[in-house]
Amino acid sequence: MKQNLSPWIDQLNRTRDVHLLSDNRETDVAIIGAGIAGISTAYFALTTTPYKVFLIEGDKVAHGATGHNAGQIVSYFERQISDLVKEFGITQTSEAQAAVDSAWDLLEEIYKKVKLRTPFAQFTGYAGCQDLAEVIVHLENNMYARETHINMEPLMVAEESGITEQIPKTYDGLYSIVPQKDILSLLETEDPRYIAALSSRKGVMNSALFCEELLDYLFREYADRFTLFEESHVSDVVLSDSHAKLKIRDKEITAKKVVLCTNGFEKFTITNTNGADINTQFHHLVNGSVGYMAAYLEDHTKSPTAVSYLPAAQKTGDPVMDAIPYFYLTRRTFESEANQLHSLICVGGPEVRMDDTDNYTHEHPYPEEAQSVIDQFLHKTYKHAPTGEITYKYKWHGLMGYTPNGVRCIGPEPINPVLLYNLGCNGIGILPSIYGGKKISQFLKNEQLAPSIFDPKDSRLQ
């Protein structure tokens, strides 16, 4: 097995030739990064504006984080609503949550308009909690949700847990009390540590396959305005007051607007000839984290699902397990050998932050420790896990981008609005990427939008 074999890349079966930049070119909009953020941005720019669009990828389409993720679709932030309220206030926080929720509709609209065939399953998914402290965090989130009429995540607490009398009366009406067996059944576990469960809208999708199919549509419908360049690494972005110049090897693209839809780790420099420095700010805008995942096949007898297993606030003393934010498991229909349907069980959780992402490559070895941790989790928690040694068909890792405040960055650079951003997956990037693409198209049309928690920060004011 390859050291980094993703099921999403394995399913692509791409036949398209790589198109390189062979001469100097001009365009209205240049989008750097052809993952789900870049392709979503290109889609909305082409469908809602008259502009000519170049999509530029240093590798191949969807071969970065988009092709090396867990494929889980959720609309929550990997930061508690209560924390966001403290930083941004309840109005902007609720508007931001509603904005990400709206991406469900955007995704469905894309499927309908483009007639996509990439499998996309939606369902109610769950997250399991182990202690009172975690339950209180989610009850506080639900309290804010109730105040602002955004979607609450119904919370069930086990009647046998012994914590119901410790929950403050403030949270009455924000949870229900059910038998623990019901919670364990929803979480598909027999681990008695799980005493509560959240439910929310979730989905699963091969985002790399989604990108390739959406790209085919853009080629067909916008052949006169859309061009893709792959294996075309941008080394320099030079900004003036009216345009940007992108240097690719010995060639150059001139664009009226440039949108960065990358993880932020690419080796390029930004030179702003029309004001303060942007390069240093940008390269500190996103921090790297490598996520490790594994998947195996089982008989196709169960429906798709997505479950998160949250750790207890009280640490176990195992430094490896205690460092894992949470485990996540998805199950989806998967067509494999001889066109036979199976269920693909994907699990992730092990994660390593990287201060220097220059050291990361897709050929980076898959550590035995990551597989051992996933094995341990499956045997202890997932009641349908195979007994004995688990034979993984896929083991992969991907470099994720985390913004310092845990919120996606979407919009024009305050120092020079020729440059725009749609970046920072923060671990769960499919819906925020799609919403970000839509919002970028609004900026391209010069729409006046209200301030948002997604707005890039002005480094001159910090």
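1. In this predicted model, the buried residues of helix H7 are Ser207, Ala208, Phe210, Cys211, Glu212, Glu213, Leu214, Leu215, Tyr217 and Leu218. The helix covers residues 207–221, and at 1.5 Å a residue its 15 residues should span 21 Å, which agrees with the 21 Å between its end C-alpha atoms.

2. Across the whole structure, a search finds 17 aromatic pairs. One of them joins Tyr43 and Tyr217 in a tilted arrangement, at 6.4 Å centre to centre and with 45 degrees between the planes; this pair links distant parts of the chain, since Tyr43 belongs to helix H2 (residues 36–48) and Tyr217 to helix H7, 174 residues apart. Both Tyr43 and Tyr217 are buried.

3. Tyr309 and Phe377 make an edge-to-face pair, with their centres 5.2 Å apart and 65 degrees between the planes. Here too distant parts of the chain are linked, with Tyr309 in strand S14 (residues 305–309) and Phe377 in helix H10 (residues 368–381), 68 residues apart. Tyr309 has a relative accessible area of 2% and therefore counts as buried, and Phe377 is buried with a value of 3%.

4. Ring pairs also link Tyr43, Phe44, Tyr217 and Tyr222 into a cluster. Elsewhere, Arg353 lies over the face of Tyr402, at 4.3 Å from the ring centre.

5. Lys251, found in strand S11 (residues 251–260), counts as partly exposed because its relative accessibility is 25%. Leaving aside residues up to four places away in sequence, Lys251 touches Leu21, Ser22, Asp23, Asn24 and Leu246.

Technical notes: Residues are numbered from 1 along each chain as its sequence is written. This is a predicted model: local features need pLDDT of at least 70, side-chain atom pairs count only at pLDDT 80 or more; totals for chains, interfaces and linings use all residues. Side-chain values use heavy atoms; hydrogens and water are left out. Helices (H or I, at least four residues) and strands (E, at least two) are DSSP runs, numbered from the N terminus. Buried means under 20% relative accessible area, exposed over 50%, partly exposed in between (1.4 Å probe, protein chains only). Contact means heavy atoms within 4.5 Å. The expected span of a helix is 1.5 Å times one less than its number of residues. Rings of Phe, Tyr and Trp (its six-membered ring) pair if their centres lie within 6.5 Å; planes under 30 degrees apart count as stacked, over 60 as edge-to-face and the rest as tilted. A charge sits over a ring if NZ of Lys or CZ of Arg is within 6 Å of the ring centre and within 35 degrees of the ring normal.
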